[in-house]
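The sequence and structure come first, and the text follows.

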Amino acid sequence: MFPTPIERCSPLTRGLYKAGLPLALVVWLLPILAVATTSIRGAGDMAAGNYWGLPTEWQLLENYTAVFRDTPIARYILNSLLVAIPTVAGAIALSCLAGFALGVYRFKANLAVFFLFVGGNFIPFQILMVPVRDLSLRLGLYDSIGALVLFHIAFQTGFCTFFMRNFIRDLPHELIEAARIEGASEWQIFWKVVLPLVRPALAALSVLIFTFIWNDYFWATVLIQGDHAMPVTGGLKSLNGQWVAQWHLVSAGSIIAALPPVAIFFLMQKQFIAGLTLGATKG
């Protein structure tokens with residue numbers, strides 16, 4: 001059912017693994033290295049077709065300064081934070097409540113409700129583009145940060161509920177029964193018993209959802225038009241000039257846009273790994 005640990009594989013398999021892993025890493029890192037190198041090139045290199053060679057002029061400080069000086073990327077980053085942070089808080093809060101109800105209580109429609117949450121994750125976003133846009137227009141939310149926050153919360157809650165329900169369901173039911181015997185209310189059980197036990201799962205889920213929302217491009221371009229509410233992923237396209245493609249600035253902006261989720265992952269790496277591996281060693 002699970003892959004065989006590499007230490008138990010044959011010598012040939014271990015050799016192929018050791019040879020293939022660095023190759024796969026290089027192939028995976030190649031686009032990132034290309035973007036990073038382009039971000040420190042001068043405009044002359046791009047005009048001359050020097051895409052993969054060493055830069056003839058190094059403009060690290062100039063390019064990254066120009067991104068903040070000549071483009072509204074600072075506003076785009078702020079918009080992304082205004083979208084991602086409330087979305088993570090809202091989706092986590094709703095999914096914890098729903099996961100608690102589905103994981104602790106046993107009622108006839110439990111599986112049906114759970115399948116509704118799971119089934120929503122399999123609907124392609126492209127199918128929902130027109131009705132969601134029309135709904136945002138009817139509600140007066142189109143081209144606003146509030147529209148992105150509400151719709152991201154709605155779409156992410158299904159996955160988050162699936163995630164949290166499974167973690168809560170694996171908790172020892174005796175702890176909940178003991179709390180009830182002691183006279184604790186259902187809210188106290190949720191707040192003081194369940195939530196402290198699923199903190200690693202909450203940390204892992206928060207990192208995942210923040211990354212999903214921060215990297216979203218589809219809904220950023222469907223529901224937003226103006227720079228006043230455009231997240232950084234949708235705003236990167238505006239870093240190109242009207243007549244000249246400024247790929248060195250676009251690349252610099254892309255590197256800047258990638259830093260917040262990377263920083264959050266490394267800051268919460270321990271909690272993230274603990275949340276994903278929680279319960280992995282249970283017999």
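UniProt positions are given in the numbering used here, feature names are shortened, and annotations may be inferred rather than shown by experiment. The unreviewed UniProt entry places the feature "transmembrane region" at residues 21-40, 76-104, 111-132, 144-168, 189-214 and 247-268.

The model is predicted: local features need pLDDT of at least 70, side-chain atom pairs count only at pLDDT 80 or more, and totals for chains, interfaces and linings use all residues. Residues are numbered from 1 along each chain as its sequence is written, and side-chain values use heavy atoms, with hydrogens and water left out.

**Overall fold**

Helices (H or I, at least four residues) and strands (E, at least two) are DSSP runs, numbered from the N terminus. The protein has 14 helices and 0 strands. Its C-alpha atoms fill a box of roughly 75 × 65 × 30 Å along the principal axes. Buried means under 20% relative accessible area, exposed over 50%, and partly exposed in between, with a 1.4 Å probe and protein chains only. Of the 283 residues, 37% count as buried. Contact means heavy atoms within 4.5 Å. Among contacts with a separation of 6 or more, 71% join residues 24 or more positions apart.

**Helix packing**

Axes are lines fitted to C-alpha atoms, for helices over the stretch in contact, and angles run from 0 to 180 degrees between N-to-C directions. A crossing is left-handed if the near helix is turned anticlockwise from the far one by less than a right angle, and right-handed if clockwise. For residue classes, Ala, Val, Leu, Ile, Met, Phe, Trp, Tyr, Cys and Pro count as nonpolar, Asp, Glu, Lys and Arg as charged, and the others, Gly among them, as polar.

Helices α4 and α7 pack at about 35 degrees with their axes 6 Å apart, and the crossing is right-handed. By class, this contact has 17 nonpolar, 10 polar and 2 charged residues.

Helix α8 (residues 173-181) and helix α9 (residues 186-197) have axes that come within 10 Å and cross at roughly 145 degrees. This crossing is also right-handed. Leu175, Ile176, Ala179 and Arg180 of α8 meet Glu186, Ile189, Val193, Val194 and Leu197 of α9. The contact has 7 nonpolar, no polar and 2 charged residues.

**Core and selected residues**

A nonpolar core is a set of buried Ala, Val, Leu, Ile, Met, Phe, Trp, Tyr and Cys residues joined through side-chain atoms within 4.5 Å. The largest one has 54 residues, and Met164 and Val198 have the most contacts inside it. Elements giving two or more residues to this core include α3 (60-70), α4 (73-104), α7 (145-169) and α13 (247-267). Apart from neighbours within four places in sequence, Met164 is in contact with Ser95, Cys96, Gly99, Val198, Ala201, Leu202 and Leu205.

Gln156 lies in helix α7. Gln156 counts as buried because its relative accessibility is 10%. Not counting residues up to four places away in sequence, Gln156 touches Ala91, Ile209, Phe212 and Ile213.

Gly146 is also found in helix α7, but counts as partly exposed at 31% relative accessibility. Gly146 and Val83 are 63 residues apart in sequence, with their C-alpha atoms 7.8 Å apart in space.
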